Structures are given as structure tokens and as C-alpha cells.
Amino acid sequence: MISYSSLSDEELMASLQDDAAAFNEIYERYWSVLYRSAFNVLKDEEGCMDVIQDVFIWFWESRSELKINSVKAYLLVAVKYKVANYIRNGKVRESFYDRIPKITGNAEFPDEVLEVKELREMIERFVVDLPDRCQEVFRLSRKEHLTNKEIAERLGITEKTVENQINKALKQLRKQLGRFSVYMFLY
Amino acid sequence: MKKEEFRNLVERITDGSASDVEIALYNRYYHQYQKAGASWSEADMGEETAIKEKLKQRIDQKIKPVVIVPLWRRYIKYAAAAVVLLTLSTTLYLYFNTSFLKSSADLVQQDIAPGGNKAVLTLADGRTINLSDAVNGNLAEQAGIAITKNEDGKLTYTAGKVNVNHPVSYNTIATPVGGQYQVNLPDGTKVWLNAASSLKFPTSFAKLKERKVELTGEAYFEVTHSRDLPFVVKSGKQELSVLGTHFNINSYPDEGAIRTTLLQGSVIVRNLEKVKNKQLGKDSVLLKPEQQASLKDVFSVKVVDVEGVTAWKDGNFLFNDTDLKDIMKQVSRWYNVSVDYDEIPKNRFFTGFISRNVNLSRVLEMLEVTGNIQFKIEDKTIKITDLKKEPM
């Protein structure tokens, strides 16, 4: 019997592939810091539940392809992304917008460039799941900033198709992002 | 920053269109928010352990695998006990009435073995797997979900990487006459499937807003509670919704009604044929424990003997003032025999208990002993003679 609490993050990640106990230990270690991070922004239990739940489910489902240096840092970036997603889906109360903080013009933290890179990668993780052609069009549009006409020429398709593919990508993305956010109540 | 600007910012973050400058801006906001503090505040956030448990439960329901278990070995111990009881009563009877010997010998000649763990699994792509024949090991892979059978016949669905572009896939497990099986769903819900029944279920609940399954025939459900994901069972024209509880649904077509029996908690059953103008009590009913809803044209509700209704899933027949015709329906489904219902004596009620894990002759003997009737099996059809009417 292994005692999971004595394992390092790296060891946990290694046994995570087919081992729910390793997952449980990761939950045990980091759920609270992730929850507190989301709560500082959302100030709402239901929202934080949604966000953290999404992050852990996604973490479990994509475990086979995760290459992570720091589990905690990685999950925190995922929470940061999911919080944006939660706000975007219009799930926050009106009072949330009265609390938007003021920020100063200059960066106050030294790792800004690194953090941009991390969040950019996280965003791309979610874009990767789109069907191939759709994905290629979307990438050229949003990353290489090509116009629809330029994309059409490069891929040998019509502008109309490009437009459709981008709409499809956005729709799929929204659906995927919002998929855990709708709940029904019986009574 | 104004509401609209902020909404635009998070929109661009989530759909992947944000520039590096916008990502940096969002990061700064996020940092600013984090200045509120790093420790757990019970006043704002509630009790930490409670939240932790609740959240873990919600996550677990979404990621646990489906498991399908044969029922057989569950009730070996009941079977042994029942055989002893039965032997005892038969001996006593033989002692008093020697004419029984003859009929019993007739029965044994053409004896029929009880049903067992038999089922066929149909995958989303139409492939079928016979679960009784399937060898142990990896059975199939579908939409990133692996199905494996291990030594004790248990089937487990393990989700690998779930591709979000895959639509939710459904599998169907169907038992033949004389078969039974158990399915454990990803949320921990257990479903016992009786003979000649089928259950259609999603292979993963990860993307769903409700846990919806479809049933034909009979099944007993132990639904794991979830406030966020209602559990819905569609059977024929009836739909049942529940958050978590134990109940039995019997929807065999030859029963003439869909009967839902509640053991604990509460469930709502609705008549799907009456979408509009639903009348409370007739087209939609809230059941309490020990109540049974019967849906023919409308619902009727009565209090029933719950143990009798669910005995089958523990491997028993349990009759409590049960009409012979109802008993014979159960017998025919479990032993894969037909019954000549034209000749069946009316208004004959039985109370008793016997394992389902014995040969058909044993069950019929028990009924003969207590009911003044005689059975004959010809070509897998049971014929019944009413001894009360026959001149002795």
C-alpha cells in the first residue's frame, strides 16, 4: 500500500494515468488554494464550485497529455482561465461589476511575461480540441492575424468557407466552455 | 473599467482571440483580485470541510467509470437457505400425501434450469458483445472509453482522454428471458436489470445536464444523490425524475401497467403522453416511500409490500398474497418458458419465499404443495390443472 501523501507532485503525475488515488491526492493538496483564488474574484460559492469542478474534471480527462512542471501553478492558471469563462457566460451577479478593481498602469509583478505565456498556452489547450480544418482556419485568423481573404488564398478555399469555419469554431468553443455551467433544479 | 469593457476582455480571453497585451491586462486584474487575501474566511466562504466534500462528490460523479456486474454470485447464500427450507416442506408433504410423488416425478423429467447472468451489450456504433461469452480483458474501445471485463465477470468503463467533439455516446445492455445483470453508472448509481429487460445509458456523464437512461422491462435503481444532476428514467410513456433514492420500475408490456415502487426518498413520475394539461395525481405523481404508482391511462397510487417487489434483485421470488397469474409471469420470464394462461385458476393467492437459483421444478413443487394445483411441462410450456375442481 502506497501512502500517496508522501509522494511528490512528479510521482503523483506519473501514476495519475490509471490511478484515481493519485488524483484524489492532488485534489486533497490543491483544491483549497484553487478555490480561494476563484473566490477572491467571484465571491460566490456556486460559481467557485463550477469553476473548480470544471478544472479538476478537465485535468483528469486530459491527464494523458499533460506535461507539467508545477501542478499547483498549472491548475491555478486553469482556474484563472475558467474564471474568465464563467464571467463571460454571464453567470455573475450584477454586483460583480461594481467590484471590478482599479489597476495601476505599471506591472507590479516580475513574472508578467511568463504569466502571459502560461495563460496563452492554457487558452490554446482549449482551442486544440476543435476539428482540424476549423482549427487551422481559427489559428490563422486569431494567431497569425490573417484576414479571411488571406486565409482563403492560403488554404485554397472560399472566403465564405473561412467565415463559416470561424463561426463554427467560436460556437464550438462557447459550447465547450459553457458545458458545465448550466444546471437544472428539480424542486 | 466599465462593465462592457471588462466583458469584452474576458470574452477575448475565453475564445482565444486575446492579444498578449489583453492577456497581460487580464492577469493584472486577476492579481488585483488576489490581494483580497489568501486564507480561508469561514464568514464569507462557509465551512471548509463541508465545501471540500461537496465539491469532491460533484467531481467524482462526473469522472467515475461505468461498471457492469453479474448478479449471480450475490445470492448464493440465499439460495442455500431456501433449498433447505424447501426440502423440509417437501419432505413433510410427502409424508402426508404420497400422490405428490407422481406429479413431482413428471416435473423433474423435463426440468428447466434457472436463469443466470446473461446479457448483450450494444455499443454506440452498433457492435454487440455477448457478456456471458466474452473473454476477460479488453473488450472494446469507443470514443476514448475503454471497456474491460475482469475475472469475476465485471465490466468497467474507463474514460481516457475524452474528446469534446464526440457527441455523448450511449450503450444498451439487454438481458434475455432468463437473464439478469447489474450496471454501476459513473455517478455511483446502481441498476439491477431483471430478465427480458434493457437499459440504455450514456457511457459518461461528464458533459450532461441530467443523468438520463431508458428502460424496458424491469429494473431496480439505487440512485446516488446529486442536487445538480437530476436522474431521469424513461420507460414507455412514463418519465421519472429524481435527485437520489431507491426505487423499482416494472414496465413489462404484458403487465398492462407501468409500476413504479419507491423504497426511500421521493420521486416524480409523469405521463409523457399528457404533455399539456397535466392533472396532478392523474398524469403526474409525487411518490412517498412504500407507495407504488401504476400507470395505465392515468396514475393510481397504493401502498405495497416493498420487499415483495424487489425480492428478485436479491435472487428470490417473494409472494405476499400474490395472484397465481402474476406469479406465473415472473416464472416464465426467469425460466424462459411459456404458460398456458387460458387454463389458469383464478383468485388463487400465494404467500411464500423461494430462491430464484433453483430449477423450475422446485418452484412449481412449492406452488403445488400449497395451492392445490398441478403443473405439467410440455415443450417448454407450463400447463396448470386446478385440483380443487377435479374430482378426487
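Predicted model: local features only at pLDDT ≥ 70, side-chain atom pairs only at ≥ 80, totals over all residues.
**Crossing helices and a pocket**

Residues are numbered from 1 along each chain, chains are lettered from A, and side-chain values use heavy atoms, without hydrogens or water.

Back to that pair: α3 (residues 45-61) of chain A and α4 (residues 48-63) of chain B pack at about 45 degrees, with axes 10 Å apart. Helices here are DSSP runs of H or I with at least four residues, and strands are E runs of at least two. Angles run from 0 to 180 degrees between N-to-C directions, and axes are lines fitted to C-alpha atoms, for helices over the stretch in contact.

Now look within chain B. The axes of α1 (residues 3-15) and α2 (residues 20-34) of chain B come within 10 Å and cross at roughly 115 degrees, so α1(B) and α2(B) are roughly perpendicular.

What about empty space? Rolling a water-sized probe over the atoms shows where it is left. On a 1 Å grid over the protein atoms alone, a pocket is an open set of points where a 1.4 Å probe fits, with protein on both sides within 12 Å along at least five of seven lines; lining residues have an atom within 4 Å of a point. Of the 31 residues lining the largest pocket, the closest to its centre include Arg259(B) and Asp326(B). Strand β20(B) gives the most to this lining, with 8 residues.

Key
Parallel < 35°, antiparallel > 145°, perpendicular 65-115°, else oblique.
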